[in-house]
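Hi,

Here's the structure I said I'd pass along.

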Amino acid sequence: MSQPGSLRKTDVTLTINGKSYTRQVEPRRLLVDFIRHDVGLKATHIGCEHGVCGACTVRIDGRTARSCLHFAVALQGAEIETLEGLSADGRLAGLQKAFHDAHGLQCGYCTPGVLLTAEEFLSENPGPSEQEIRAALSNNLCRCTGYVNIVKAIANAARDRDKTKADPAGGSRP
Amino acid sequence: MKPAPFEFRAPTSLDGVLEELREHGEAARILAGGQSLVPLMNLRMLQPSVLVSINHCKELSYIRSEEDGLACGALARQWDVEHDRVAMERCPLLVQALHHVGARSNRNRGTVCGSLAHADPLAELPAVALALDADMIAASSAGRRVVPAREFFVGALENSLRPDEMLEAVRFPYAPARSRSCFIELGNRNHGFAIAGVALQVTFGEDGRCSRARLAVMGGENIARRATDTETALAGSVIDEAIAREAGRMTASLVDVAGDFHADAAYRRELVAVLVERALMQVASGAALNARSN
Amino acid sequence: MNLAGEHLIRSPKLAVWNAINDPEVLREAIPGCQELHKKSETEFDAVVQVKVGPLKANFKGSVRLDDIEKPDRCVIVGEGQGGVAGFAKGNAQVELIESQGATLIRYNVHAAIGGKLAQIGSRVVQGVATRLTLQFFENLVARIEPADARERAEGAA
Amino acid sequence: MIAPGHPRSIGKHVPRREDPYLLRGEGRFLDDIAEPKDTLFLSFAMSPHAHARILAIRTDAARALPGVVDVYTAEDMARLVKPIRTVIEIQGYRASSRTVLAQGEVRFVGEHVAVVVAEDPYIAQDAAELIEVDYEPLPAAVRLEEADSETAPLVHEDIPRNVMFEAAFASPDFQSAFQSAETIVSETFRTGRVAGVPLEPRGCLALLDHVADSLLFYTSTQIPHLARTALSEILDFPEPRIRVVTPEVGGGFGTKAQFYTEEVVTAALALNLRRPIKWVQDRREELLTSIHARDHIYRLEAAIDAQGRIKALRTDLTTNAGAYSSYPFGCTLEATGGARMIVGPYDIRNYAFRTRAIATHTCPSGAYRGVAQPSCFMAIEGLMDRIGRKLGIDPATVRQRNLIRNEQLPYTNVLGVRYDTGSYEECLRRALERIDYWNFRKQQAEARDDDEVLRGIGICCFTEVAGAGSGGWRVRGLTKVPGFDSASIKVEPTGKVTLLVSQAAAGQGHLTTFAQVLADYLGVKVEDVFVSEGDTGTAPYGTNTFASRGAVAAGGAVIKAAQSLRQKIARIAAFLLDVDVERVELTESKAIDKENPEKSVDFRQVAQIAYSMTSVALPQGESFGLEVVEMYDPPLATWPNAVHAVVVAVDRRTAKVSIEKYVVVHDSGRLINPMIVDGQIHGGIVQGIGEALMEQIVYDEDGQMLNANLLDYLMPMALDVPRIDISHIETPSIDALGGFKGVGEGGVIGAVPAVTNAVADALAKTGANINRLPLRPSYLLREMRRQQAGMDGDRQ
């Protein structure tokens with residue numbers, strides 16, 4: 001099976017949320033562990049480590065991805081974004097407010113992954129149907145909410161986005 | 001689980017990749033999207049000594065409409081192919097199948113060639129490749145060879161690539177004029193691994209009769225299978241309920257099904273019959289594109 | 001995994017019986033068998049590598065012949081530790097029936113896998129166990145049946 | 001005492017305080033806690049066998065791996081800790097203990113045989129793979145149906161026929177009532193083994209405080225206080241020097257209301273090596289070793305009259321206990337729960353049960369959300385439908401004839417349990433109305449026989465045992481589970497209020513709901529209340545969070561503490577306002593003279609006096625500070641009730657089930673935060689839908705688990721969830737302080753029976769008898785085909 005061998009570590013530099021981080025890690029270091037333990041950004045969570053649950057969802061080069069299915073060493077030069085980054089520059093404010101108002105989260109463990117899925121989906125699908133929202137949520141497992149209020153929150157956020165697009169000057173600010 | 005140690009290579013040219021394969025052979029695995037490979041590495045079912053990432057070989061990242069088909073390079077991401085203008089127009093079956101592959105984040109990073117090379121018995125893309133007689137371009141430092149899909153898929157997780165070869169690209173033949181296609185699968189949950197699935201493309205003659213049917217079925221124990229007898233039986237007939245039901249019954253009797261705790265063999269066989277019938281009725285009724293799920 | 005089946009071997013029953021008990025024959029018939037050493041008249045130490053696409057597991061264990069009723073029937077029992085992948089065990093009830101100078105070999109195989117192989121790969125590994133079992137008996141037939149007998153038969157079919 | 005004008009918070013949709021930091025991803029779950037640089041990491045070597053003797057363990061290769069500090073086996077751990085022993089003082093229970101690492105024998109696949117301590121989690125797992133164990137495989141008792149036979153292999157030598165628990169009951173004239181009835185309707189129901197599968201696996205972090213030589217123990221748990229006491233006993237370490245802190249918990253569902261061997265190992269090794277130790281479970285381990293549930297067989301017999309009323313009911317329940325009696329609830333919880341709760345809201349006067357917990361070579365079972373009630377109500381509600389089919393009475397009418405009448409409440413059921421208030425008839429009436437029941441039955445009768453879609457409707461009327469006090473746990477022998485909960489209220493010198501409760505939430509929004517309760521009973525503004533829980537170093541002792549007890553037990557404690565503290569505040573305010581104390585009312589963090597409300601002092605001013613921080617001294621005889629701790633012991637239990645009604649469509653040819661309508665009418669007594677109550681019901685329902693349609697932990701006949709991953713253990717995703725129509729009836733409890741009844745488990749309890757009955761109803765026309773879970777398409781089609789074959793047989 002695996003020969004213990006010398007665990008050579010190499011310098012890996014990743015750009016996360018616009019900042020560059022260099023750490024000495026083994027090639028097998030998963031991206032999710034690099035983000036969480038080597039850099040210290042703990043919003044990205046681990047639920048299964050086999051690419052199913054979505055708790056570890058981040059963005060790689062602008063698209064959602066499972067950070068448990070990538071090796072940090074293979075992503076040098078890529079743009080990684082986590083909830084911390086997207087939240088800090090306010091891009092998710094509308095969604096976060098909608099989730100808060102609709103009780104779209106309970107324990108909060110799946111929430112970072114769900115927010116990134118929802119942001120990607122809404123930016124590509126203005127005015128989605130409920131069934132389309134549910135299909136998009138096949139990207140994430142949640143065990144607490146039964147998805148009911150998550151779907152409602154995303155639908156509300158979609159409506160608010162349309163409103164602000166349609167009438168950026170007046171109307172309700174997100 | 002955390003993966004076992006390995007040495008990492010990231011050549012920036014195809015030749016560099018092929019050189020690594022020549023040197024390490026079976027001890028090396030190709031890392032493209034990683035959506036099939038890395039779960040097995042994390043669960044330590046798969047412990048390659050050398051991982052060769054092709055993500056830095058820009059030359060492999062293309063979706064090209066060529067003369068006789070749509071060519072997807074080894075780095076063509078599933079999501080990009082699913083939304084490629086030419087793919088949608090000229091390879092609708094491929095796009096319909098891609099809607100069912102994994103979840104959105106898997107498709108963003110997973111590659112068409114990666115899923116084909118992995119050859120999971122319940123994966124959608126091998127069924128499409130078999131149905132359309134796609135060509136797999138196998139590359140090694142010794143040169144290239146074109147492997148037709150029916151010779152590429154050997155069994156569960158088993159393809160016919162040599163240890164020093166990689167799947168450089170796949171070419172999906174375009175759908176002929178007056179063709180309609182449909183991909184249906186059904187599982188114990190509305191999203192996730194299927195119990196059985198059907199990839200179907202039918203080309204109609206001027207008279208509305210079926211001039212050419214291409215049908216592959218997944219859900220057996222090994223890998224998707226082409227249902228050539230059914231295709232022959234369909235040729236020349238007008239697809240109606242009776243014909244569709246008979247085609248379903250015939251296909252079900254051909255496919256080698258196995259039972260497991262998700263579904264027993266009898267159910268799988270009956271499901272294949274129903275899905276083939278419904279796929280034919282869907283194609284015959286013109287509502288060819290099934291609902292776009294994510 | 002349970003699998004039953006039979007093969008017609010164009011050679012006399014005793015020859016088939018002797019072949020089944022011959023470690024050389026078994027080593028060639030068992031798919032992926034790397035080593036097979038005689039431990040006793042009816043027991044052999046074995047190392048078998050099972051390859052399922054990219055997955056490789058080396059099973060160290062034993063092959064044993066039980067309930068021997070020479071030359072009619074016996075049970076071939078195999079078990080092996082695959083290290084962290086888990087373990088595999090199986091038994092094949094084998095019966096030899098004389099049939100116009102040839103021998104019908106009838107088998108009933110039960111195989112079980114355990115540990116991580118069962119927990120993660122059960123969906124795929126069931127199929128693999130079936131394929132390896134079929135391959136074993138096909139190899140066995142190919143190894144026992146004299147080459148010319150087979151051509152004659154295929155020519156005539 | 002509280003001014004009528006004080007804005008009430010109980011009953012309001014107050015958005016949660018927990019949301020902002022969780023939505024920014026700043027919640028600190030167990031593995032998010034920044035562990036010290038010198039922390040060591042654990043990885044366990046697990047048994048691949050369901051039952052085997054351990055002949056030898058070779059750890060030298062593992063030890064030699066660079067980065068590995070040590071490897072421990074059972075013998076090493078035996079020097080550090082005692083085995084975990086679950087004591088249940090109930091007749092018929094055979095106690096068994098469990099060493100933290102398997103000693104001599106492994107009893108289920110995944111049981112830990114050794115543990116590696118290393119400087120990095122990756123290396124720890126490398127080393128775990130290098131541990132070589134020689135096993136002698138032994139025959140295993142796996143299937144519940146055979147595990148209690150004479151010849152079955154024994155899981156524990158000293159427990160004959162693997163019967164870990166057995167109890168029986170018969171009401172006084174049960175036999176005569178049973179014999180005298182006109183008709184007997186009987187059925188066997190089989191529910192499938194499932195698991196809670198919280199999205200965050202388990203984990204813990206043990207830190208040493210060298211100065212005080214004490215242990216700071218973070219663990220993803222629902223029972224911090226109970227865990228602390230257990231740790232102290234098993235480690236033989238002074239409880240005062242242990243502090244258990246609950247981080248954010250990523251889902252609990254009962255799975256984390258057990259105390260596990262890995263928690264003992266982590267704490268013991270930290271003390272032994274005097275280094276911080278962290279263990280984080282992965283998903284495969286979580287499915288293999290966190291408690292399972294619902295592996296039950298119910299044989300019911302009902303003696304009924306011509307009207308379909310149950311005159312006498314007999315239950316024979318067999319539950320799968322797994323290899324060990326989990327801690328603290330043990331293997332009796334499901335066995336006693338299923339047998340006692342099954343009478344539900346029905347006026348059944350004659351009842352008898354036999355219930356057993358059988359040990360098998362599988363993962364230990366334990367308390368998962370609903371604890372046996374989803375299974376026992378699937379049985380009784382399945383029987384109600386069969387009574388209707390047998391007598392040709394509509395199943396809704398059968399229920400109306402069996403329900404306890406409103407005028408019978410408070411009602412003491414046949415097991416001597418008191419239902420103080422409820423709305424059984426009203427919930428059924430409204431559910432039938434909202435799902436348009438009678439109209440559905442009409443359409444169903446008119447449906448053509450050859451339709452491609454078979455539709456059915458299913459009902460579940462149930463009561464949910466919640467908010468159990470010390471009496472409730474004692475009657476079930478669970479003496480290690482106290483029953484009371486506590487609240488500590490401190491009005492700080494600046495006037496803000498600190499509220500500490502003996503709970504540990506995993507998403508239920510306690511920081512919001514308990515602030516709402518305190519605001520109403522202390523006359524303080526919600527935003528002035530700061531709640532904290534889950535830390536045994538600050539929160540007073542209590543029974544913690546499970547079995548839908550939070551609102552009742554801790555809510556009651558908050559009310560009791562508020563009622564006591566507001567007296568003192570009123571006295572000091574009366575002194576400051578120079579009025580009689582009867583004229584003082586509290587409102588919006590102020591004390592006012594109700595005669596002229598503009599004369600007031602705010603809590604800050606009262607506090608400054610109480611903490612002697614002003615020139616004015618406390619009035620004579622008044623004690624310093626504004627701080628109170630109260631313990632509240634709820635009644636034996638409170639009884640929320642509800643009716644779930646479901647319409648399903650079953651594809652006749654693929655047998656795939658889709659849920660078309662879902663209606664819930666729910667009575668949880670007085671609701672603190674309806675938005676959060678609905679969230680609990682949504683989550684429970686979807687877990688119930690999973691349990692009914694797709695979830696199952698699968699063991700083969702050798703005891704190998706075949707789906708320790710999320711591709712093969714299927715849980716519902718968003719596409720599997722229908723629209724859910726919830727309406728509430730609030731019939732306050734008269735026994736529980738505050739009138740709360742609890743809601744945590746109602747969703748799953750109602751969903752399993754309602755969905756199962758709907759599918760059974762849809763297929764009834766084909767003759768299929770649907771009585772086992774999960775309702776996978778292959779099972780449903782097989783039953784339909786068997787009936788078709790059966791019927792063809794009859795016709796020939």
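Predicted model: local features only at pLDDT ≥ 70, side-chain atom pairs only at ≥ 80, totals over all residues.

Leaving aside residues up to four places away in sequence, D:Val759 touches D:Gly456, D:Val648, D:Val650, D:Val657, D:Ile770, D:Leu775 and D:Leu780.

As a general point, nonpolar side chains in soluble globular proteins tend to be buried together.

Now over to chain C. There you'll find an open sheet of 7 strands, ordered E1-E7-E6-E5-E4-E3-E2, with antiparallel pairing. Its edge strands are E1 (2-9) and E2 (33-40) of chain C, each pairing on one side only. From one strand to the next, the twist averages 25°.

Within that sheet, strands E6 (residues 87-99) and E7 (residues 102-114) of chain C run antiparallel and are joined by 13 bridges. To pick out one pair, C:Glu98 has C:Thr103 in E7(C) as its bridge partner.

Two helices to look at here:

- Helix H1 of chain C (residues 13-20) packs on the sheet, where it touches E1, E6 and E7 of chain C; its direction is at about 165° to that of E6(C).
- Helix H3 of chain C (residues 116-144) also packs on the sheet, touching E1, E3 (43-52) and E7 of chain C, and its direction makes about 160° with that of E7(C).

Cheers

Note on methods. Residues numbered from 1 in each chain as written. Chains lettered and ligands numbered in written order. Pairing = 2+ DSSP bridges. Helix = DSSP H or I, 4+ residues; strand = E, 2+ residues; numbered from the N terminus. Axes fitted to C-alpha atoms, helices over the stretch in contact; angles between N-to-C directions. Contact = placed C-beta atoms within 7 Å.
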